[in-house]
Amino acid sequence: MKSTFMASLASRLQHSVTPNALRSYFAEFLSTFFFVFAAAGAAMSTRKMMPDATSDPSSLVAVAVANAFALSVAVYISANISGGHVNPAVTFGMAIGGHISIPMSIFYWISQIFGSVVACLLLKFTNQQVPTHGIPQEMTGFGAAVLEGVMTFGLVYTVYAAADPRRCVHAAIGPLAIGLMLGANVMATWPFTGGSMNPAYSFGSAVVKGSFKNQAVYWIGPFIGAAIAGLVYDNVVFPAQVTESLRGIGGGIVAV
């Protein structure tokens, strides 16, 4: 039993350093860099143009739209290479569902975090303060984690649905659906938690600013929400045996 486990572990480690795997890590770095640069940059721009942006509804819409567009593009450009995770929580949710190995997940996380940190560092070179995610004084860390968890559940559930080859969905619609879910969640919770749903984004901005206050909120909540989303989608809503029933009714499944 032990030898079998070690052989399986060695095989997975070897698989995680193949040329295709290395391309995936680089794709995750680039896509996360593009997303964080646009999302954090949009928040910086609204504060530059409107000093009282936190109380201006138009700034909320602008940031939400920027997040939606940026994530849609980031997912689209890396989907065929790495799966377009762009988010450690998405990677965790995929790992829980058995769609990616643990060793590869760790390399994905490193690539995503590095991409976020580099993006925030470049934004800092503009001599502007990079905004960080935070919670208001009247909100508890637990409440903020619940909000982040619920939003990430919706985001990762959408990722699962968009990437499922059993669904008859056009390939270009998936990234757009993912981005729209993110944008809607940002509009719903930006005044409360910043609408992160992405531990790499929150960590990158925290590193550049040097403040890690309430950082656990942006890891625990999203990871729990992502894990539940993966389990619910793969085991409750759309389990593997559903494919056969769909074939009998609709005649076939079109791959994404």
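Leaving out residues up to four places away in sequence, N87 contacts E28, Q112, L155, M197, N198 and P199. N87 sits in the loop that links α3 and α4. The model described here is predicted. The protein chain has 256 residues and contains 10 helices and zero strands.

**Overall make-up**
- Read from the N terminus, the elements of the protein chain follow the order α-α-α-α-α-α-α-α-α-α.
- Of the residues in the protein chain, 47% count as buried.
- Among contacts in the protein chain with a separation of 6 or more, 78% are between residues 24 or more positions apart.
- The protein chain has an accessible surface of about 12,700 Å², and carbon and sulfur atoms account for 69% of that surface.

**A buried residue in a loop**
- N87 has a relative accessible area of 4%, so N87 counts as buried, the cut-off being under 20%.
- M197, one of the residues in contact with N87, is also touched by V186.

**Nonpolar cores**
- The largest nonpolar core is made of 46 residues.
- Within this core, the residues with the most contacts are F35, L71, I178, L182 and V186.
- Two or more residues of this core come from each of α2 (19-49), α3 (57-82), α4 (88-96), α5, α6 (141-163), α7 (173-193), α8 (199-209) and α9 (217-237).
- Helix α2 supplies the largest share of this core, with eight residues.
- Apart from residues up to four places away in sequence, V186 touches L60, V63, A64, N67, G195 and M197.

**Nonpolar patch on the surface**
- V17, I102, I106, F107 and I110 together form a nonpolar surface patch with about 440 Å² of accessible area.
- F107, one of the patch residues, belongs to helix α5, which covers residues 102-124.
- F107 counts as partly exposed because its relative accessibility is 32%, which lies between the cut-offs of 20% for buried and 50% for exposed.

**Annotated regions**
- An unreviewed UniProt entry gives the feature "transmembrane region" at residues 25-46, 58-79, 139-160, 172-195 and 216-233.

Technical notes:
Residues are numbered from 1 along each chain as its sequence is written. This is a predicted model: local features need pLDDT of at least 70, side-chain atom pairs count only at pLDDT 80 or more; totals for chains, interfaces and linings use all residues. Side-chain values use heavy atoms; hydrogens and water are left out. Patches are made of residues with over 30% relative accessible area and no salt bridge: like charges are joined within 9 Å, nonpolar side chains (Val, Leu, Ile, Met, Phe, Trp, Tyr) within 5 Å. Accessible areas come from the Shrake-Rupley method with a 1.4 Å probe; for residues, only the protein chains shown count as cover. A salt bridge is a side-chain nitrogen of Lys or Arg within 4 Å of a carboxyl oxygen of Asp or Glu. Helices (H or I, at least four residues) and strands (E, at least two) are DSSP runs, numbered from the N terminus. Buried means under 20% relative accessible area, exposed over 50%, partly exposed in between (1.4 Å probe, protein chains only). A nonpolar core is a set of buried Ala, Val, Leu, Ile, Met, Phe, Trp, Tyr and Cys residues joined through side-chain atoms within 4.5 Å. Contact means heavy atoms within 4.5 Å. UniProt positions are given in the numbering used here, feature names are shortened, and annotations may be inferred rather than shown by experiment.
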